[in-house]
Amino acid sequence: MHTETLRIPTADGQADAFAARPDHGGPHPGVLMYPDGFGIRPVVQALARELAGHGYYVLVPHVFYRHGPSPVIDLPEHIGEEARPAVFAQLMPLIQAHTAERVLRDAEAYLDFLTTRPEVAAGPVAVTGYCIGGLLALRTAAAHPGRVAAVAGFHGPVGADREDRDRLISELTAPVHLGHAASDLTPEALDELNRALDAAGVDHTSEIYPGTTHGFTMSDTDAYDPAALRLHWDRLLPLLDRTLHRK
């Protein structure tokens with residue numbers, strides 16, 4: 001496995017990023033992976049390496065680069081319940097400052113960078129994300145329908161703003177998988193979301209992962225659920241294989 005730290009030129013500066021790809025072969029289909037709000041750290045790098053091991057070039061940008069290089073806030077080795085209030089006190093201003101306009105400017109830069117890497121195969125890429133990164137993944141896919149072949153989001157706040165959600169859904173053209181935490185979405189809210197996806201003609205799977213809480217993919221948090229992480233791979237890998245046409 002080859003990994004490296006890169007710097008992505010953007011309209012507002014440079015975003016540092018983590019990239020992983022197989023040691024041999026290539027070029028490989030590209031995947032833009034948005035981290036959760038806690039950012040690039042060992043558990044996210046491990047997810048990127050795991051995905052790259054299935055034959056992909058995975059790029060993970062530091063989305064809060066305007067506030068400094070990663071890590072932009074100090075994180076404990078394990079983000080437990082006792083640590084969360086202090087962490088979120090630092091994190092929420094960064095999330096609130098990361099407007100939709102910033103997301104879209106950055107998404108174009110990330111896609112430009114990813115698709116011009118010599119190690120990345122020609123053609124559309126996939127976009128995936130965790131927590132707030134799931135929403136960023138949907139925004140990226142909606143804004144770049146010709147450049148995104150598939151999109152996935154896990155424990156993301158895709159239903160937080162119904163008007164915004166419905167606009168995003170109406171602009172999606174790529175197949176979608178959404179894996180929701182049981183603590184984030186009621187069955188009734190899931191049904192309403194899926195009806196909106198159906199009405200827009202979006203090729204999708206969208207489900208609540210049983211018994212999960214927000215952040216279930218992240219092994220450095222109390223929310224971590226190994227069974228749900230396995231389910232996440234069981235959903236994500238076939239989606240990418242189907243849409244990116246790996247050779």
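Mentor: Cys-131 sits in the loop between strand 5 and helix 4; helices here are DSSP runs of H or I with at least four residues, strands are runs of E with at least two, and both are numbered from the N terminus. A quick caveat: this is a predicted model, where local features need pLDDT of at least 70 and side-chain atom pairs count only at pLDDT 80 or more, while totals for chains, interfaces and linings use all residues. Residues are numbered from 1 along each chain as its sequence is written, and side-chain values use heavy atoms, with hydrogens and water left out.

Back to our cysteine. Its phi is near 55 degrees, a positive value in a residue other than glycine. Most residues other than glycine have a negative phi. His-155 also has a positive phi, near 40 degrees, and belongs to the loop between strand 6 and helix 5 (162-171).

Now step back into the strands. Strand 5 (residues 125-130) pairs with strand 6 (residues 148-154) in the parallel sense, over six bridges; strands count as paired if DSSP finds at least two bridges between them. Tyr-130 faces Phe-154 of strand 6 across this pairing.

Both strands belong to an open, mixed sheet of eight strands, ordered 1-2-4-3-5-6-7-8. Its edges are strand 1 (2-10) and strand 8 (204-209), each pairing on one side only. Neighbouring strands are turned by 20 degrees on average, direction ignored.

Axes are lines fitted to C-alpha atoms, for helices over the stretch in contact, and angles run from 0 to 180 degrees between N-to-C directions. Contact means heavy atoms within 4.5 Å.

Helix 4 also packs against other helices. Its axis and that of helix 3 (residues 100-115) come within 10 Å and cross at roughly 70 degrees, so the two are roughly perpendicular. The cut-offs are under 35 degrees for roughly parallel, over 145 for roughly antiparallel, 65 to 115 for roughly perpendicular, and oblique for the rest. Ala-100, Val-103, Leu-104, Ala-107 and Leu-111 of helix 3 meet Leu-136, Arg-139, Thr-140 and Ala-143 of helix 4. That contact has seven nonpolar, one polar and one charged residues, where Ala, Val, Leu, Ile, Met, Phe, Trp, Tyr, Cys and Pro are nonpolar, Asp, Glu, Lys and Arg charged, and the others, Gly among them, polar.

With helix 5, the axes of helix 4 are 8 Å apart at about 45 degrees, which makes the pair oblique. Here the crossing is left-handed. Leu-135, Leu-138, Arg-139 and Ala-142 of helix 4 meet Asp-164, Arg-167, Leu-168 and Glu-171 of helix 5. By class, that is four nonpolar, no polar and four charged residues. Notice that Arg-139 turns up in the contact with helix 3 and again in the one with helix 5.

Technical notes:
A crossing is left-handed if the near helix is turned anticlockwise from the far one by less than a right angle, and right-handed if clockwise.
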